[in-house]
Amino acid sequence: MLVDRSHFGWGLATLVALGIASVIYGVAAYRSPDGVLGGSPVGLTFGLLGSALMLYAGAFSWKKRLPRWTWLGSARTWMAGHIWLGLLSGPLILFHCGFRWGGMLEQATLAVFFVVYISGIVGLALQQFLPRVLSNVVPAQAIYEQIPAACEALCKKADALVAARCGTLAVPEWHEPKDAASYQPERALVEFYLHEVRGRLRWSDRGAGHYGQLRLKLLEVKHAMPDDLQPVVDQLLDIVSERQQLQWQSTIHGWLHGWLLLHVPVSVLLLVLAAAHAVASVWY
Amino acid sequence: MTDARQIPAIAERYDLDWRRYPNRWRRWRGRAGWCAALAGLLFVSYPLVTGDHRPFMARPLSAPHRLFEADCRRCHDRHGQPLLRLAGVAGAHSVSDQACQACHEQRCDDHHPQMLAHGGPASCMECHQEHRGRSVREVADTACVACHADLVLACRSDQTPHVRSQVVSWQKHPEFAGKRPKDSAATAGLLDELAQYDERRQRWRDRTALRFNHRVHLDPDGIPIPPDHPDYQGNHHLKRLECQDCHQPMVDGRAMQPIRFEQHCQPCHRLEFRFALAEDGPLPHGDIQLALGVLRDRLMRYLQRHPQEVDSEAVDRSVLPGPQPLTPTGEETPELRQARAWQWVERRWQELSGAVVSPSVLYAGEPGAEHRQLKTGCGYCHEVMPQQDRGSIGWQVTEPRMPARWMPMARFSHQSHQFVRCVDCHYDGQEGPGATESEDTADLLLPSREVCLRCHVSSGSRASSGSAPTRCVDCHQYHGRSYERIKQLASGNTY
């Protein structure tokens, strides 16, 4: 959870700052026949403050790359500032432009700003609630980058489990049993494992839904197995269940961090456009 | 759900060589970030490469300045001014007055220059705001109010304002000078030259030395016109006049063209003589000496065509140059006949020149016709004053001095207001006669502020929906305004 009770001070300070800015903007807009203009002293002040907050929010990603620079403040503080000051930058930028779109560069800058702003809010909402969902749905979480390695380890464990009980993991040739006496449950288990289970234990980007079907099949196989083989099938069920959790974790992790694929590049674009706007405004 | 990991040992669960497992999300984020930065730089540098700086324009230019909108440097000749503004430096504008005056002749100090204590605004940009998507002429009221809120402070100590002080908005605008009681000599100075104040009726009166009856001329049944009038149609000799038959706006649609006798009056009120003297057309209008000279010339030509008229003339021999009035055969000498003719002309001329002012001598149309009601003669419309020192005429037509503009400090477009009737705005006083009922030339048929307020409701540029504009500059002009210039506008010497 990103926003918790420890953010109360940040939120309150943000609201107070927003209130003060709103009053200043309202007075300035009332006094000026054309409203607040970006080039007026009040508008320039709002623009400078908004740009500073945007730069601070952008510096958060650089701060994360410098974990040893503790004198800059903790990551938690930076994250809180990124959230609340980033939220405050929106109204300040709107006050700067007087709720007008401006020219082509300003329109592009504002459009990009809104994309960054809204994607940030969406990301905040996702980061606020999805971790709780993740911890509920995936108790056996792994380090995200090591999920393929964890899958590989699960696969090796399942291999060892089946080989230990059935003797070999060699791929047998399939022969339809002619009678009940010729039916070998170990062979059937190995064959089922190799054809249906083993490939799905390895890492891939497929969805987590088909693991439920696999578990149903394993339950059917379990009932077809003699009593001495059923514990093996039960352990296979647990391994498949953990693999399914890892797949869920990968998917939820995509939701948790996928919005950054939009938020971060557009933030970079915003900084470039804002810098161009500032230079053009000061020069002309 | 409980955590029942199948491989609890970290060493077995993970690959300790973590470099083999990079975060693909982070990697794609980095690549997308660099692409976005590159796209932004391309977007920004394209106008710089092409030289078309329009993408950097915060808001559109006014229409006249769009001619050179691609080249910001054409006007923006000062750089870094926003930083100075932020630092509180007054008058820090990125466009200098020199850049404006490269095309425009107006100056900041050409508004009552001899009166203002501080010489007016510091720069053009103080009032004229560009990049607003509207004309730079649409100056905000605040620019005007800066001085007009207290003209006593704004004016030099030895100068007295000609207009009311403490005007801060259209809602606080005083009643127009011609419609309000005379308050002070200072603010009524210009009006004193155009009108006179009727203390009894508490109303300004038109002092134009001319008689004109609006009610008669705007009779809904029409007025009689002569047979040779362009609009005469057989027996239908009545013409219904409208205001715009005489009051026609200038080419720019603003002020009205001056009323001209030849254009507006002469078609009906021709300066013609009855009987034979009418053969040579009407007398010229405008210069009485010229008219009388033409009259003498016509009398002489008449006499050439009708020499028998002289025979009945008694000769005053005292004026004859020679001692012998008759030839030896008893006939008149040529000198005597010439003297007799000259005396005939002079006598008739004396009679007529004294009677030119009389409606009974000069008139339009033929005797007996209904249009004989159309009266003419100088004295019918003009104020004719006796003046003994002007030789043999003995009278003088007072110059009418009809003001070209009654409200020279204001700009008004009749064309923009053509959707309302003239009589909706033009009437004398609050309860006085309207333009169609006025019988007295002295009625000052000017609109009052109340009339304007019917449509121009709110104040400032941010007019509420449904209100016509109410900015100062919608009616008033800053540049080129001095008291002398305003007097010229009123007299019609300039437009």
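The model is predicted.

Chain A is helical. It has nine helices and zero strands. Along the sequence the pattern reads α-α-α-α-α-α-α-α-α. Of the 284 residues in chain A, 45% are buried. Contacts between residues at least 6 apart in sequence were also examined; in chain A, 74% of these join residues at least 24 apart.

Chain A and chain B bury about 4,700 Å² between them. Carbon and sulfur atoms account for 63% of this buried area. Three residues, B:Q6, B:W25 and B:R29, supply 16% of the area that chain B buries against chain A, more than any other three residues. The contact involves 60 residues of chain A and 52 residues of chain B. Polar contacts are present, however, with 14 residue pairs counted between the two chains at pLDDT 80 or more for both residues. On the chain B side, α1 (10-13), α2 (24-50) and α3 (81-86) each supply at least two residues that touch chain A. The largest share comes from α2(B), with 13 residues. By type, the chain B side divides into 25 nonpolar, 13 polar and 14 charged residues.

Salt bridges do occur elsewhere. Over all chains the count is 22. In chain A, the side chains of A:E152 and A:R202 meet at 3.0 Å, N to O. A:E152 lies in helix α5 (residues 147-166), and A:R202 lies in the loop between α6 (185-201) and α7 (210-224), so this pair ties together parts that are 50 residues apart in sequence. Both partners are partly exposed: A:E152 has a relative accessibility of 26%, and A:R202 has 33%. A second bridge joins A:K217 and A:E196 at 3.4 Å, N to O. This pair links helix α7 with helix α6 of chain A across 21 residues. A:K217 is partly exposed at 35%, as is A:E196 at 24%.

In chain B, the side chains of B:K182 and B:D192 form a salt bridge at 3.4 Å, N to O. B:K182 sits in the loop between α6 (151-154) and α7 (189-194), whereas B:D192 belongs to helix α7, so the bridge ties together parts ten residues apart in sequence. B:K182 is partly exposed, with a relative accessible area of 35%. B:D192 is also partly exposed, at 26%. A network of salt bridges links B:R134, B:E138, B:R471 and B:D474.

Backbone geometry marks two loop residues of chain B. Most residues other than glycine have a negative phi. B:Q202 has a positive phi of about 55° and is not a glycine. It lies in the loop between β1 (195-198) and β2 (203-206) and is partly exposed at 45%. B:R401, likewise not a glycine, has a positive phi near 50°. B:R401 is found in the loop between β6 (395-397) and α14 (422-425). Its relative accessibility of 60% counts as exposed.

B:H382 lies in the loop between α13 (378-381) and β5 (384-386) of chain B. This histidine is buried, with a relative accessible area of 13%. Leaving aside neighbours within four places in sequence, B:H382 is in contact with B:A209, B:L210, B:R211, B:H285, B:V397, B:T398 and B:P400. B:H382 and B:P400 are 18 residues apart in sequence and 7.3 Å apart in space, C-alpha to C-alpha.

How values were computed
Residues numbered from 1 in each chain as written. Chains lettered and ligands numbered in written order. Predicted model: local features only at pLDDT ≥ 70, side-chain atom pairs only at ≥ 80, totals over all residues. Heavy atoms only, no water. Helix = DSSP H or I, 4+ residues; strand = E, 2+ residues; numbered from the N terminus. Buried < 20%, exposed > 50% of the residue type's maximum accessible area, 1.4 Å probe, protein only. Contact = heavy atoms within 4.5 Å. Buried area = accessible area lost by both parts, 1.4 Å probe. Polar contact = N/O pair within 3.5 Å; in protein donor to acceptor, adjacent residues only side chain to side chain. Nonpolar A, V, L, I, M, F, W, Y, C, P; charged D, E, K, R; others polar. Salt bridge = Lys/Arg side-chain N within 4 Å of Asp/Glu carboxyl O.
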